[in-house]
Amino acid sequence: MLYLINQKNKPLGKKQKRGAFRGFAATGFIAIIFIAFFLHISIALAADTSINSATPPEKSVQGAGGILEILFPFDILTRISDALDKVWEKVPGATVFKETFQGKQAGNVQNLGYFPGASGGAFTDLTPPFIGTSNVIGVGTPMDTEEIEGEFRWADKSYRAATPSSFTIVTSLPTDNLDGLDHMVTWRIGDPLTSNKYIAFFEDRNAGSDRDFNDGFFTFEGYCPVGDCPAVTAIPEIPNRFATLLFLMLGSVIFFIRKQAFKIAA
Ligand SMILES: [Ca+2]
Ligand SMILES: [Ca+2]
């Protein structure tokens with residue numbers, strides 16, 4: 001049994017016990033907040049797939065003069081966590097569904113498509129495939145406007161124009177891919193809370209590739225990652241600096257309560 005004594009080595013009175021209990025409770029609460037805070041940071045750090053810079057004349061996805069800056073100089077872009085961009089679905093209530101080829105930085109033909117469901121299924125292509133020049137940005141060619149029903153994974157089929165029967169297909173779900181790696185990185189375009197427009201970049205080769213994710217890139221509208229549909233399920237995220245401020249304020253209040261509790265206990 002826990003036997004509480006004060007600084008004079010005498011058992012605590014009722015008031016002192018209550019103070020000591022508050023002290024223990026506050027300490028436990030602080031510990032939980034710390035654990036949650038660092039867990040949150042580690043999840044955030046683990047979530048994003050790293051993207052290598054491209055070798056010129058190819059353009060990199062990110063950075064000054066990169067593809068994102070060229071295509072969206074005035075838009076807000078929000079990176080979608082790679083924990084979330086694996087499986088997609090229609091945005092409930094959306095009426096416009098479209099995919100647009102925005103460009104490629106690869107010699108291979110790039111053909112966007114999808115696999116129905118959250119696993120398995122067969123590749124369904126969205127035409128047309130893009131055969132032309134190696135390095136193009138901002139092409140803006142519309143593709144099929146059929147509605148993709150249910151959950152699905154985006155997929156990129158690539159091949160040399162001269163040998164279309166020898167192709168590679170990668171999808172947004174890492175476990176679909178031969179090397180088990182992530183092959184699609186995604187940004188939301190526009191309002192981070194309500195926009196249903198995205199751009200996705202594919203790395204078209206498996207193990208041993210340069211992983212610069214600029215091989216084929218497409219914009220989507222009317223679909224969202226399962227579990228991250230902005231119009232329906234998005235909870236406004238508190239910007240990091242406010243979360244930190246809130247965390248510090250809460251910590252200070254708890255520290256004050258804890259100090260007072262121990263004062264009473266002593
Ligand atoms: Ca991804
Ligand atoms: Ca590449």
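Two strands count as paired when DSSP finds at least two bridges between them.

**The open sheet of six strands.** In this predicted model, six strands form an open sheet in the order E1-E9-E10-E11-E3-E6, with antiparallel pairing. Strand E1 (77-79) and strand E6 (135-142) are the edge strands, each pairing on one side only. From one strand to the next, the twist averages 20 degrees. The protein chain as a whole comes to four helices and twelve strands.

**The pairing of E10 with E11.** Six bridges join these two strands of the sheet, E10 and E11, which run antiparallel. Within this pairing, Phe201 stands opposite Phe217 in E11. Leaving aside residues up to four places away in sequence, Phe201 touches Val61, Met184, Val185, Phe213, Asn214 and Phe217.

**The largest nonpolar core.** This core has 34 residues, and those with the most contacts inside it are Ala200 and Phe201. At least two of its residues are supplied by each of helix H2 (67-71), E4, E7, E8, strand E9 (184-189), strand E10 (197-202), strand E11 (216-221) and strand E12 (223-225). E10 gives the largest share, five residues. In soluble globular proteins, nonpolar side chains tend to be buried together. Of the 266 residues of the protein chain, 28% count as buried.

**Strand E7 and its two partners, E4 and E8.** Strand E7 (residues 152-159) is largely enclosed by the rest of the structure, because seven of its eight residues are buried. Eight bridges join E7 to strand E4 (residues 109-116), and the two run antiparallel; here Pro116 stands opposite Phe152 in E7. Strand E8 (residues 167-171) is also antiparallel to E7, to which five bridges join it. In that pairing, Asp156 stands opposite Val170 in E8.

Is Phe167 buried, partly exposed or exposed? Phe167 has 15 C-beta neighbours inside 10 Å, so it counts as partly exposed, since a residue is buried only if 20 or more other C-beta atoms lie within that distance and exposed if 12 or fewer do. Not counting residues up to four places away in sequence, Phe167 touches Lys157, Ser158 and Tyr159. Its C-alpha atom is separated by 9.9 Å from that of Arg205, 38 residues apart along the chain.

**Pro57 in the loop between H1 and H2.** The loop that holds Pro57 lies between helix H1 (14-47) and H2. With 8 other C-beta atoms within 10 Å, Pro57 is exposed. The C-alpha atoms of Pro57 and Asn135 are separated by 8.2 Å, although these residues are 78 residues apart along the chain. Over the protein chain, among contacts between residues at least 6 apart in sequence, 70% join residues at least 24 apart.

**Confidence along the protein chain.** The mean pLDDT of the protein chain is 83, and 72% of its residues reach 70 or more. Among the elements, E9 has the highest mean pLDDT (98) and helix H3 (residues 230-233) the lowest (56). Over residues 38-44 the pLDDT is below 50, and this stretch has zero contacts in the model beyond near neighbours in sequence. Residues 232-239 also have pLDDT below 50, with four contacts beyond near neighbours in sequence. Where pLDDT is low, the predicted coordinates should not be read in detail.

Notes:
Residues are numbered from 1 along each chain as its sequence is written. Chains are lettered from A and ligands numbered from 1 in the order in which they are written. This is a predicted model: local features need pLDDT of at least 70, side-chain atom pairs count only at pLDDT 80 or more; totals for chains, interfaces and linings use all residues. Two residues are in contact if their C-beta atoms, placed from the backbone, lie within 7 Å. A nonpolar core is a set of buried Ala, Val, Leu, Ile, Met, Phe, Trp, Tyr and Cys residues joined through C-beta atoms within 7 Å. pLDDT is the predictor's confidence in each residue, from 0 to 100. Axes are lines fitted to C-alpha atoms, for helices over the stretch in contact, and angles run from 0 to 180 degrees between N-to-C directions.
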